[in-house]
Amino acid sequence: MAMKCNEIAAIIHADMVNDDSNGYSWEPRHGEDGKGVKTLTIDGKQYSYDRGSWDCSSSVIKAWSEAIKYTPYKGKLDGATYTGNMREVFTRSGLFEWKPMSFIAARGDLYLNEANHVAMCQSQDPDVMSEFCINENGDVYGGAPGDQTGGEAAINPFREEFDGILHYNGKADTVTTAWKDGNYTATHTLNIREKRKGASALVCVVAKGATIKLGAFTVNSAGNTWAQVTAGDHKGRFVCVRNAKGTYVKRK
């Protein structure tokens, strides 16, 4: 059984905080000032991040973006940039639900203070979280690359300072290996559209039994799977291949 995305995110973030090459900074904040790319092999797949300076939000966004990159949800978190917009972007992705602090967080869930901090749940017993905290000067600017104190980034006991929890709902785990680029047979009539939206302009109808070449599979916030037509007269257009009512193509 494939490892779940929340486990992968937690492993990546724990590695980031435990690697002394990584320290705290608001600028830079994506590891670009450090020792280059670090690659982790988790459950047979490769995940990577740049070693250097990170802050609380950039680090958890990176960990989760890596964790879902082999699923159709790849890129769904790209709009998240800081604590103030994480709740909106993460819940809009279809992968996360906003929960009160009375909810028991699971590994990989995010404790979010929308004004100034975020940390990742690593476990409930013991109740600990991984986080990027502050630089060696007690500031957010001007520190040296890497963890100079052993506490710029760490796994720490949980603290009561958060507004709520971004809880991962597990949706990406069910589609990690479901779709591959290639030829498919239409098991139902297919509506080819201009965009990845059911309300967008209808381009043409593909008959049941026809062969269609598809790629670039993505899942929207409603849980519907869309694919791009990659060959033929309608190359570059889009089709919904799965929704709550069923699946409409099968791999040849």
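**Helix 3.** I began with helix 3, residues 83-92, in this predicted model. Its buried residues I listed as Thr83, Asn85, Met86, Val89 and Phe90. I then looked up how they are placed around the axis: they cover an arc of only 140°, and therefore lie on the same side of helix 3.

I next asked which elements the buried residues of helix 3 pack against. After helix 3 I noted Gly94, which has a positive phi near 85°.

**Helices 1 and 2.** I turned to the pair formed by helix 1 (residues 5-18) and helix 2. Their axes come within 8 Å and cross at roughly 140°. The two helices are therefore oblique to each other. I recorded the crossing of helix 1 past helix 2 as right-handed.

I looked up which residues make this contact. On helix 1 they are Cys5, Asn6, Ile8, Ala9, Ile12, His13 and Met16. Helix 2 contributes Ser59, Val60, Lys62, Ala63, Trp64, Glu66 and Ala67. I sorted the residues of the contact into nine nonpolar, three polar and two charged.

**The whole chain.** Of the 252 residues, 45% are buried. I also looked up contacts between residues at least 6 apart in sequence, and 61% of these join residues at least 24 apart.

Definitions and conventions. Residues are numbered from 1 along each chain as its sequence is written. This is a predicted model: local features need pLDDT of at least 70, side-chain atom pairs count only at pLDDT 80 or more; totals for chains, interfaces and linings use all residues. Side-chain values use heavy atoms; hydrogens and water are left out. Buried means under 20% relative accessible area, exposed over 50%, partly exposed in between (1.4 Å probe, protein chains only). Helices (H or I, at least four residues) and strands (E, at least two) are DSSP runs, numbered from the N terminus. The arc is that of the directions from the helix axis to the C-beta atoms. Contact means heavy atoms within 4.5 Å. Axes are lines fitted to C-alpha atoms, for helices over the stretch in contact, and angles run from 0 to 180 degrees between N-to-C directions. Angles under 35 degrees count as roughly parallel, over 145 as roughly antiparallel, 65 to 115 as roughly perpendicular and the rest as oblique. A crossing is left-handed if the near helix is turned anticlockwise from the far one by less than a right angle, and right-handed if clockwise. Ala, Val, Leu, Ile, Met, Phe, Trp, Tyr, Cys and Pro count as nonpolar, Asp, Glu, Lys and Arg as charged, and the others, Gly among them, as polar.
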